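Hello,

Here is the structure you asked about. My notes follow below.

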Amino acid sequence: MSEQDPIVIFTPSGKRGRVARGTPVLDAARRLGVDLDSVCGGRGICSKCQITPSFGEFSKHGVTARPGALSDWNAVEQRYDDKRGLAKGRRLGCQARIEGDIVIDVPPESQVHKQVIRKNADARAIAMDPATRLYLVDVAEPDMHEPSGDFQRLAKALADQWQISGATADLSLLARLQGVLRRGAWQVTVAVHHDHTGAAPRITEVWPGLHETGLYGLAIDLGSTTIAAHLTDLETGEVRAASGLMNPQIRFGEDLMSRVSYVMMNPGGEVEMRDVVRKALSDLANSLSQEAGIDPALIVEATIVCNPVMHHLLLGIDPTELGQAPFALATSEALCLSVADLELTRINPRARVYILPCIAGHVGADAAAVALSEAPEQSDDLVLIIDVGTNAEILLGNRDRVLACSSPTGPAFEGAQISSGQRAAPGAIERVRIDPVTKIPRFRIIGCDLWSDEEGFAEVSAASGITGICGSGIIEAVAEMRMAGLLDPSGLIGSATQTGSDRSLPEGRTHAYLLHDGREDGGPLITVTQGDIRAIQLAKSALYAGARLLMDEMEVEHVDRVVLAGAFGAHISPLHAMVLGMIPDAPVDRVTSAGNAAGTGARLALCNRSARALIERNVRRITKVETAIAPRFQEHFVAANAIPHATAPFPHLARAVTLPQVGFNTEGGAGGGRRRRKRG
């Protein structure tokens with residue numbers, strides 16, 4: 001390809017390359033190994049290949065996508081739009097041709113291998129005290145001799161029969177109240193929202209007669225990469241449905257600072273990102289209500305947790321100040337809003353939305369939710385809690401003191417920026433083990449409980465195929481390579497001669513490790529490259545450095561226990577995390593998983609008003625440590641580049657596993673020889 005050919009960048013995969021002008025997007029996706037569906041063979045009939053182009057300046061990708069980067073809307077697309085309709089901004093990948101540098105998002109419904117959202121709800125006993133409850137009331141009929149409005153008599157009935165005084169209501173409820181009262185023969189069930197701050201109670205819904213089908217709420221974990229939501233019964237706390245989707249803002253930037261940069265370089269960018277994420281939340285609410293088989297009008301509450309940049313973009317606030325010191329938030333307090341304020345459709349139009357407070361400019365409501373879920377302030381021992389994601393939130397504390405920071409790990413842990421990487425979906429390698437003698441790997445894929453060397457694996461895996469490697473898979477692969485002597489402490493992959501394995505493949509001046517070769521059956525070649533190792537090193541070093549900064553502030557060299565939270569917490573073994581050097585050394589049996597702690601915190605706030613008051617008090621007591629300006633962050637970061645670490649002894653890890661003493665930046669093979677002398 002010529003350097004004059006346009007660059008196409010696909011999100012969320014992050015795969016990119018140059019293609020000849022006039023290349024259909026679908027063809028470009030296939031050449032670059034991008035997961036873009038098509039059933040009709042590119043004839044514009046099936047619409048499976050829908051894509052969303054993005055225009056503007058993308059500093060993260062080093063491109064500016066200008067109008068005209070895709071061919072004009074054509075007759076085939078118009079015909080499809082007339083018959084079935086295309087969402088605003090969508091194109092058909094088989095029809096749109098690439099004419100200039102362009103960033104293209106592949107939405108979840110256009111991906112062959114749909115993502116598995118791993119932010120599942122954990123089982124947690126919750127004392128139920130939701131903000132919204134149902135009350136059956138008998139309302140006095142109108143009387144010409146004692147004139148009063150229907151709402152005033154409803155409010156009086158609530159006060160007399162339930163001691164709920166001073167109730168208010170929105171205009172939209174007043175507009176339907178009279179009809180409901182008369183259909184119920186003056187007996188109605190009302191949903192009343194009691195704010196934990198003591199604000200006036202608010203009537204959010206009314207039904208004729210006795211309403212017994214319940215009320216529901218949404219607990220939403222709005223992450224940089226994925227959005228997860230749990231539809232929860234507000235009477236029992238039961239999760240009736242849980243689902244998630246990719247955050248569509250990924251096409252504006254995979255990490256938070258890229259999105260801030262997009263806003264800075266593209267006036268109105270915050271409005272674009274606000275609109276796409278609000279639509280995504282509405283779509284998610286709709287799919288959950290359909291899955292649970294409930295009327296969307298019964299969803300009367302929502303709680304949302306998110307990092308500060310996502311917080312501002314959801315609210316439609318320009319996040320530019322969060323991209324530069326002193327990282328000022330527009331507001332850090334908890335917010336109780338109307339669903340109309342956020343333009344969230346597909347649920348009750350009078351539903352109330354509670355957004356948990358932010359701790360500081362880079363430590364948001366998601367970290368507050370983790371603190372609510374894990375309660376470090378109640379711990380007798382010193383606990384390190386790490387919510388691993390594109391932007392990691394880290395807490396360290398006990399009954400005496402709690403510290404918090406965030407660390408920009410980037411999207412590598414999500415499978416992005418990895419040569420064979422993909423999001424968690426059926427067919428993705430999620431577990432890896434490498435025989436230290438033969439250097440031969442075995443693995444498990446999402447959607448199959450068998451290991452690749454077990455009988456029946458080929459038959460069970462045939463439905464999805466072996467498609468790539470997701471975040472948990474690449475982490476285990478790198479750790480296993482280190483334990484098998486394929487990778488030295490500096491992160492170099494050895495040659496076939498140095499490692500004694502023909503799975504070490506030459507790749508330019510470096511080497512790659514072969515995990516799986518499916519080319520004979522039309523599948524992909526899946527390797528771990530030197531570039532992949534570097535991406536994981538950068539991510540894990542940022543994570544470790546953030547944890548060490550908190551330990552420095554606490555003036556400790558060790559922690560009593562480590563809790564891994566987030567999507568990775570439940571999918572990475574403590575041993576592999578420690579071999580990689582993601583976390584400080586600790587007893588392996590004292591490293592545990594909390595699952596989706598941020599989501600659990602959102603559910604606690606949804607189901608219990610006291611939890612809201614508790615976290616609002618606790619965030620004021622948490623001490624924020626700013627990694628961006630801490631003098632020792634870079635020192636810790638550089639030392640953590642080694643696997644597991646350049647200087648820290650890791651005694652607990654040494655008792656659990658012996659790491660091979662190998663070095664590949666030498667002459668004479670693994671573990672020996674002289675260093676190459678620089679030519680001068």
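In which sense do strand β23 and β24 pair, and over how many bridges? Strand β23 (residues 428-434) pairs with β24 in the antiparallel sense, over 5 bridges. Pairing here requires that DSSP finds at least two bridges between two strands. Strands are DSSP runs (E, at least two residues), as are helices (H or I, at least four), numbered from the N terminus.

Before the rest, the basis. This is a predicted model, where local features need pLDDT of at least 70 and side-chain atom pairs count only at pLDDT 80 or more, while totals for chains, interfaces and linings use all residues. Residues are numbered from 1 along each chain as its sequence is written, and side-chain values use heavy atoms, with hydrogens and water left out.

Back to β23. Arg431 stands opposite Arg444 in β24. The open sheet has 3 strands in the order β24-β23-β25, with mixed pairing. Its edge strands are β24 (441-445) and β25 (468-469), each pairing on one side only. Helix α10 (residues 471-483) packs on this sheet and touches β23 and β25. Contact means heavy atoms within 4.5 Å. The direction of α10 makes about 15° with that of β23. Axes are lines fitted to C-alpha atoms, for helices over the stretch in contact; angles run from 0 to 180 degrees between N-to-C directions.

Next, β17 (residues 299-306). Of its 8 residues, 8 are buried (under 20% relative accessible area, 1.4 Å probe, protein chains only). Strand β14 (residues 216-222) runs parallel to β17, joined by 7 bridges. Leu218 has Ala302 in β17 as its bridge partner. Strand β19 (residues 352-355) is also parallel to β17, with 4 bridges. There, Thr303 stands opposite Tyr354 in β19.

Best wishes

Note on methods
Buried means under 20% relative accessible area, exposed over 50%, partly exposed in between (1.4 Å probe, protein chains only).
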